[in-house]
Amino acid sequence: MANEESSSFNRHVMDYIHRASETGLYDIRGLGAKRNLPTFDDLVFLTASASRYPLEGYREKCVTTTLLGTRFAKKPLELQIPITIAGMSFGSLSANVKDAVGRAATACGTSTTTGDGGMTREERKSSQTLVYQCLPSRYGFNPDDLRQADAIELVIGQGAKPGGGGMLLGQKVNARVAKMRTLPEGIDQRSACRHPDWVGPDDLTIKLQELREITDWQVPIYIKMGATRVKDDVKLAVKAGADVVVIDGMQGGTAATQQVFIEHAGIPTLAALPLAVEALEEMDVFGEVQLIISGGIRSGADVAKALALGADAVAVGQGTLMALGCNRETWLGPDGPHDARADYEKLGTAPGFCHHCHTGQCPVGITTQDPVLETRLNPEEGARRLRNYLQVLTMELTTLARACGKSNVHHLEREDLVALTIEAAAMARVPLAGTDWIPGHRHF
Amino acid sequence: MARLSPEVTALDTMPNSAATPGPTTLGEPTIDWDLSIRPVRELNQFLHDLAHNARPEMPHVRILHPNGRHNLAVGLQVPANIEILGHAGYFIAGMNQAAHITVDGNVGWSVAENMMSGIVRVKGCASECAGASAHGGLLVIEGDASSRCGISLKGGQIVVGGSVGHLSAFMAQAGTMVVCGDAGAALGDSLYEAVIYVRGSIHSLGADAREEPMQTDDLKTVADLLQRAAISADPQTFRRVASARQLYHWHAEAQY
């Protein structure tokens, strides 16, 4: 027993207590939950065999076209793939990154999304389809940009910090960011956690109508929420008049928030998605109101499983950053790759472990406003990498869809899935593999 | 499920029946729009289309029978003169740019929210969140404004002839708010650079808000805003509330 580590008070916990007692401050960090959670990895597809026939993997067509906003908008979005880029702010990300993301998304026929801080000219120019967020802070929110948006996403919350506002520490609030947000340069900026002009669901209905009136009912309106009381929230969003509901699970990322939020608030994406689908079905609007799921989407398998469970599309945030080079050992200059490990070390971390987006000292030039670090991400190279990533996700998605005998990725269905763990079976509402048991739902 | 589609399609031409020429003021054509006959969707589309139809004079539109309807005259972007003759609902004059909008009555929540420019005048009282997130322009409430007046203000100017409710100017970032009556609890909570002037009592100040002495510039600012608002009051009787700037950076003591 002399050398036995305590489960309750292990080294991580002791570190936390020592640091808290030393500083009197809680931890703030970026990215998403690091704890072990049930994920889409706990599901597998029942691909075709004698009882189903597959489509040929390389040649037969498998449709990926995705329509969003068909409920009320005069101009719904038609995307080439069901994989969208999640909202990430200019401020948390550099202008180069917004540019790169826009270029890649446009090349792949999908949408990008603004973030807290308003719309940059770079992202509007490079993004053929741009979703404009209306956030509680309303930083940089204005009618001119609203009118040039292809869709509007009213953000109630996000998976990394449902119920909490945003943060942007002073080192990232440079002159341009400060001006866009109408704030003094260099302050630790707090974004509001609730909207300034409406409070409850009845007000939200009128707010949505206001946005529709201003934009003459042309563009779709999404409502984005962090995954907590998903069923109730989705129903209220539908009642309020959303064209599209976006649910962000607890694995969703952020540029900065309290660690306690990231790890201890909200429910996993896997649990959230079936609840959202159930809410839409109970409201009899499944298919009429589209559903986007986000929070820890990494691979084409994740996308396929999300679609099979009832999502119309996914939104990818952290995967986008990693495709651009987040947590890589090197950054790519005009003269070739440069070792970034020393810069990670200065932050007290290493490639593969870094979550220091909040510091603005991103070693690979992604989550920074530092004019020198920013140059480490060349927009063209970033766009190439992200384009490749989106292409791989799409190919993996269609590979699985074809193997399930689907000529359209939106034909994937819950019946195509089983779960590998009891927890995943209960959350995803699919049978535990080898059984017809859905814990809590069928054959208790 | 029933679809909440817009009530009508856009108008390409000058409306008739409900929108009839009314009395002319200073040579500008007046259009009367009767909301008991034609819907809000048509009204807003007509007002938006003014941006595409250049006119030598400032258009003058009188909106009749508003009867508490929401979202009237939202998203305007031309210097039109709009009069709403009666009580109106939520989000009146939302995101206004350039237009002069007058409500001859009371309004519901969030009048002139996110206004960018222009003037919005409410001759009665306003409910919650008046002028929320306004980036510019002038909002005048001749009566009282309820809670959260000037919340998240980003450069707009607000003059309230009466009193304001709790949490007014919450997280206000820039701009000015002049309150001729009293202020409710937690005034200016988490203020940034916006400045509040209050003539009456202040129930309590919010986190990081503090009272500061009036300087010459403050007197001038108040006098100017009162004059533009056409509200009579002595600038010398106002007190200044601004941010103590103790929450601008995180530190262990910032535990409000």
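1. A residue counts as buried if 20 or more other C-beta atoms lie within 10 Å of its own, and as exposed if 12 or fewer do. The model is predicted. The burial calls below should be read with both points in mind.

2. Start with helix H2 of chain B, residues 216–229. Which residues sit on the face turned away from its buried side? That face of H2(B) carries the exposed residues B:Thr216, B:Asp217, B:Lys220 and B:Gln227.

3. The buried residues of H2(B) are B:Thr221, B:Val222, B:Leu225, B:Leu226 and B:Ala229. These residues lie on the same side of H2(B), because they cover an arc of only 125° around the axis. The spacing fits a general rule. An α-helix has 3.6 residues a turn, so residues three or four places apart point the same way.

4. The length of H2(B) also checks out. At 1.5 Å a residue, its 14 residues should span 20 Å. The end C-alpha atoms are 20 Å apart, which agrees. Just after H2(B), B:Ala230 takes a positive phi of about 60°.

5. What covers the buried residues of H2(B)? The cover includes four strands of chain B: E7 (138–141), E8 (154–160), E9 (174–179) and E10 (195–198).

6. Take E9(B) next. Five of its six residues are buried, so E9(B) is largely enclosed by the rest of the structure. E9(B) pairs with E8(B) in the parallel sense, over five bridges. In that pairing, B:Ile158 stands opposite B:Met177 of E9(B). E9(B) is also joined to E10(B), by four bridges, and these two strands run parallel. Here B:Val178 stands opposite B:Tyr197 in E10(B).

7. Now the contact between the chains. How many residues does each chain bring to it? Chain B gives 40 residues and chain A gives 30 residues. On the chain B side, the elements that give two or more residues are helix H1 (40–49) and E8. H1(B) gives the most, with three residues. By class, the side of chain B that touches chain A has 19 nonpolar, 18 polar and three charged residues.

8. Chain A has an open sheet of eight strands. The order is E5-E15-E14-E12-E11-E8-E7-E6, with parallel pairing. Which strands form the edges? They are E5 (83–85) and E6 (111–113) of chain A, and each pairs on one side only. Neighbouring strands of this sheet are turned by 25° against each other on average, direction ignored.

9. Three bridges join E6(A) to strand E7 (residues 129–134) of chain A, and the two run parallel. A:Thr113 stands opposite A:Val131 in E7(A).

10. A helix lies across part of the strands. Helix H6 of chain A, residues 201–214, lies across E7, E8 (151–155) and E11 (221–226) of chain A. H6(A) runs at about 145° to E11(A).

11. One residue of chain A deserves a separate look. A:Leu236 is found in helix H7 of chain A, residues 230–240. Is A:Leu236 buried or exposed? A:Leu236 has 21 other C-beta atoms within 10 Å, so it is buried. A:Leu236 and A:Gly200 are 36 residues apart in sequence. In space, the two are 9.7 Å apart, C-alpha to C-alpha.

Definitions and conventions:
Residues numbered from 1 in each chain as written. Chains lettered and ligands numbered in written order. Predicted model: local features only at pLDDT ≥ 70, side-chain atom pairs only at ≥ 80, totals over all residues. Expected span 1.5 Å × (residues − 1). Arc of directions from axis to C-beta. Contact = placed C-beta atoms within 7 Å. Nonpolar A, V, L, I, M, F, W, Y, C, P; charged D, E, K, R; others polar. Pairing = 2+ DSSP bridges. Axes fitted to C-alpha atoms, helices over the stretch in contact; angles between N-to-C directions.
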